[in-house]
Amino acid sequence: MNKLTVITFICLIKVMAATGTPSEVPTIESLGLRVSLVAQPADEQAIRARAANTILEIYHHLNRAENFLKEGNKPRIEGKLGYLPPTIPGGNWEVFMLNGFPILLPKRDHSTFCALSDIKTALAGTIYTECFGALIIAKISLSDCFYTDSLKDICKNIETTRVKLTVDYLFCEEEHTFKAGDSVKTGDSVCLPGHERYATIGTGPYQGENVFMIGFGEDGLRRYIGFGENFKTGPKTAKEIHQNLAEGYTSELKKQYL
């Protein structure tokens, strides 16, 4: 048994001890969601269902342990982000800069399974990131689910990996701004924008939401899951997300002008 196998086994025991019963983690079945409103090939249906459940699980743990507004964070100052670097306890993640923006990726030569285990066993209030960083983490979780044999290569070429993780992945050719009529399928990642003027007065959770579409409700509307306080109670419709963004924009205006 090599060192990596031993470490992975230890991480597995840690996860089993700390994550609670499987029933606590939401699934598309427990939420009463459908993968599609139209007929799909059985294989595609199964793949998208598995992807949605993988996404729901990692966001469940990210949101359970998140602390976006941790002490020391502050609003945008002179066009620069005032947020502290992202952190995940456990020693398996490190910060990389993507176009001047800090994101977390598993450390080189560290088990991706153990890196994800750090999230699943993290205590409340110990994870700091934001919606874009969380989206990348969710895509790493998808990679762990679908492409286990290639995980050993995930951090060998960070530049290539970062481009792949943020632009070209699994179901969506690219992350895009949602528009009415877009054909967004279960498993797709999209950006739901906030008010166009928000970037001039604030930054962070109300500028937009990077989310995944994880199925259709009984009302036929898409449900999305993302990172942060708004999603701790579960997936939301696009209308609900935009409403939360609008309320955030209004609250920032009050800070600036009242």
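Reader: Let me start with a helix pair: is the crossing in which H3 passes H4 left-handed or right-handed?

Author: The general idea is that a crossing is left-handed if the near helix is turned anticlockwise from the far one by less than a right angle, and right-handed if clockwise. In this predicted model, H3 passes H4 in a left-handed crossing. Helices here are DSSP runs of H or I with at least four residues, strands are runs of E with at least two, and both are numbered from the N terminus.

Reader: Before we go on, what should I keep in mind about the numbering and the model?

Author: Residues are numbered from 1 along each chain as its sequence is written, and side-chain values use heavy atoms, leaving out hydrogens and water. Since this is a predicted model, local features need pLDDT of at least 70 and side-chain atom pairs count only at pLDDT 80 or more, while totals for chains, interfaces and linings use all residues.

Reader: Thanks! At what angle do H3 and H4 pack, and how far apart are their axes?

Author: Axes are lines fitted to C-alpha atoms, for helices over the stretch in contact, and angles run from 0 to 180 degrees between N-to-C directions. Helix H3 (residues 112-120) packs on H4 at about 130 degrees, and the axes are 10 Å apart. That angle makes H3 oblique to H4; under 35 degrees would count as roughly parallel, over 145 as roughly antiparallel, 65 to 115 as roughly perpendicular, and the rest is oblique.

Reader: Which residues of H3 and H4 make the contact?

Author: Contact means heavy atoms within 4.5 Å. From H3 come Thr112, Phe113, Leu116 and Ile119, and from H4 come Ile137, Ile140, Ser141 and Asp144. By class, that gives 5 nonpolar, 2 polar and 1 charged residues. Here Ala, Val, Leu, Ile, Met, Phe, Trp, Tyr, Cys and Pro count as nonpolar, Asp, Glu, Lys and Arg as charged, and the others, Gly among them, as polar.

Reader: How do the axes of H2 and H4 cross?

Author: Helix H2 (residues 42-65) and helix H4 (residues 131-146) have axes that come within 9 Å and cross at roughly 130 degrees. The two helices are therefore oblique to each other, and their crossing is right-handed. Among the residues that meet are Ile47, Ile55 and Leu62 in H2, and Ala134, Leu142 and Phe146 in H4. The residues of this contact divide into 13 nonpolar, 2 polar and 1 charged.

Reader: Now the sheet: what is the strand order?

Author: In general, strands of a sheet pair through backbone hydrogen bonds, either parallel or antiparallel. Two strands pair if DSSP finds at least two bridges between them. The open sheet here has 3 strands in the order S3-S4-S5, with antiparallel pairing. Strand S3 (189-193) and S5 stand at the edges with a single partner strand each, so one side of each lacks a neighbour in the sheet. From one strand to the next, the twist averages 50 degrees. S3 is joined to strand S4 (residues 208-216) by 5 bridges, and Pro193 stands opposite Gly208 in S4.

Reader: Where do H2 and H4 lie relative to the strands?

Author: H2 lies across S4 and S5, running at about 135 degrees to S4. H4 lies across S3 and S4, at about 40 degrees to S4.

Reader: How many bridges pair S1 with S2?

Author: Strand S1 (residues 93-98) and strand S2 (residues 101-106) pair over 6 bridges in the antiparallel sense, with Trp93 opposite Pro106 in S2. Their hairpin has 2 residues between the strands, and Asn99 takes a positive phi near 55 degrees.

Reader: Is Asp109 buried or exposed?

Author: Buried means under 20% relative accessible area, exposed over 50%, and partly exposed in between, using a 1.4 Å probe and protein chains only. Asp109 counts as exposed because its relative accessibility is 80%. Asp109 lies in the loop between S2 and H3 and has a positive phi of about 65 degrees although it is not a glycine. Thr237, in the loop between strand S5 (222-225) and helix H6 (238-257), counts as buried at 9% relative accessibility. Leaving aside neighbours within four places in sequence, Thr237 is in contact with Leu221, Arg222, Arg223 and Tyr224.
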